[in-house]
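Hi everyone, thanks for making time.

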Amino acid sequence: MNTRPERKDEIIAASLALIERKGIQNLTTKNISREVGITEPGIYRHFKNKQEILTEILRRFKNGIGERMIIAKERATNPLDQIGALYEGSLRMFNEYPSIAAAIFSEEIFQNNDRLSSEVRSIMELSQSGLRDMIRRGQSEGCIRNDQPDEQLSLIVMGAFRLLVTRWRLMKRSFDIIADGRKLWKTMRALLAVK
């Protein structure tokens with residue numbers, strides 16, 4: 001099958017735009033084809049079905065996590081500052097591409113699909129693993145408290161982040177997520193830091 005990579009990118013972009021405007025439940029190949037300006041069979045030359053499109057969106061997001069972790073480690077040497085850089089980098093990405101937040105945080109839609117559910121679990125595990133590594137390094141260097149397990153601390157940081165992004169989405173992006181994220185990170189940093 002001869003496919004154009006740029007057409008695949010157009011299909012992904014159109015899918016994300018539809019998710020943002022109409023919700024993930026209205027993501028159909030018919031709607032995607034209208035958005036891209038090709039026939040519905042044209043979609044199938046690039047993706048077998050809607051599940052494959054969603055899988056590609058999740059995979060691209062997962063690849064971005066690794067990139068943001070590398071950037072965070074390059075920007076700061078202190079593990080606390082690395083976590084802060086990762087936090088802000090992720091918020092900036094959602095602010096620039098809000099449709100990704102709508103897709104990623106719709107895992108309740110994915111729960112009845114083993115393949116998509118597996119992709120979402122993989123994203124969560126990668127995020128938590130990278131965060132736990134930073135926390136453990138901070139604990140061993142004495143800048144992050146070690147009276148609590150790194151696993152629990154990583155869940156607290158991830159949960160606060162997710163709640164902030166979800167609130168921002170539900171409030172139709174009516175507040176500055178970067179500014180609110182910085183305030184939240186200041187509090188999270190105080191909770192994580194050795195007193």
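Let me start with a bit of bookkeeping: the span we expect of a helix is 1.5 Å times one less than its number of residues. Keep in mind, too, that this is a predicted model.

Take helix H9, residues 150-170, as a test of that rule. H9 has 21 residues, and from its first C-alpha to its last it reaches 30 Å, close to the 30 Å expected at 1.5 Å a residue. Helix H8, residues 114-141, passes as well: its 28 residues should span 40 Å at 1.5 Å each, and the end C-alpha atoms are 40 Å apart, which agrees.

Okay, zooming out. The C-alpha atoms fill a box of roughly 60 × 35 × 30 Å, taken along the principal axes. Of the 195 residues, 47% count as buried. And if you take contacts between residues at least 6 apart in sequence, 67% of them join residues at least 24 apart.

Now, the inside. In soluble globular proteins, nonpolar side chains tend to be buried together. Here, the largest nonpolar core has 58 residues, and Phe94 and Val165 are the ones with the most contacts inside it. Which elements give two or more residues to this core? They are helix H1 (5-22), helix H2 (29-36), helix H4 (50-75), H5, H6, H8, H9 and H10.

Leaving out residues up to four places away in sequence, Val165 touches Leu91, Phe94, Ala101, Phe105 and Ile177. Val165 is also one of the buried residues of H9, a list that includes Leu153, Val157, Phe161, Leu164 and Trp168, but also Asp150, Ser154 and Thr166. What covers the buried residues of H9? The cover includes helix H5 (79-96), helix H6 (98-104), H8 and helix H10 (177-192).

Over to another pair of helices. H1 and H4 pack at an angle of about 90 degrees, with their axes 10 Å apart. That makes H1 roughly perpendicular to H4. On the H1 side, the residues that meet H4 are Asp9, Ile11, Ile12, Ser15, Leu16 and Ile19, and their partners in H4 are Ile53, Leu54, Glu56, Ile57 and Arg60.

A quick stop at Thr29, which is found in helix H2. Is Thr29 buried or exposed? Its relative accessibility is 9%, and the cut-off for buried is under 20%, so Thr29 counts as buried. Setting aside residues up to four places away in sequence, Thr29 touches Glu40, Ile43, Tyr44 and Lys50.

Last topic: helix ends. At the start of H8, a side-chain oxygen of Asn113 reaches to within 3.1 Å of the backbone nitrogen of Arg115. After H8 comes Gly142, with a positive phi near 85 degrees.

Most residues other than glycine have a negative phi. H9, though, is followed by Lys172, whose phi is positive, near 55 degrees. Arg173 also has a positive phi, near 55 degrees. Lys172 sits in the loop between H9 and H10, and Arg173 is found in that loop too. Lys172 is exposed, with a relative accessible area of 72%, while Arg173 is partly exposed at 39%.

Key
Residues are numbered from 1 along each chain as its sequence is written. This is a predicted model: local features need pLDDT of at least 70, side-chain atom pairs count only at pLDDT 80 or more; totals for chains, interfaces and linings use all residues. Side-chain values use heavy atoms; hydrogens and water are left out. Helices (H or I, at least four residues) and strands (E, at least two) are DSSP runs, numbered from the N terminus. A polar contact is a pair of N or O atoms within 3.5 Å; within protein, one must be able to donate a hydrogen and the other to accept it, and residues adjacent in sequence count only if both atoms are side-chain atoms. Buried means under 20% relative accessible area, exposed over 50%, partly exposed in between (1.4 Å probe, protein chains only). Contact means heavy atoms within 4.5 Å. A nonpolar core is a set of buried Ala, Val, Leu, Ile, Met, Phe, Trp, Tyr and Cys residues joined through side-chain atoms within 4.5 Å. Axes are lines fitted to C-alpha atoms, for helices over the stretch in contact, and angles run from 0 to 180 degrees between N-to-C directions. Angles under 35 degrees count as roughly parallel, over 145 as roughly antiparallel, 65 to 115 as roughly perpendicular and the rest as oblique.
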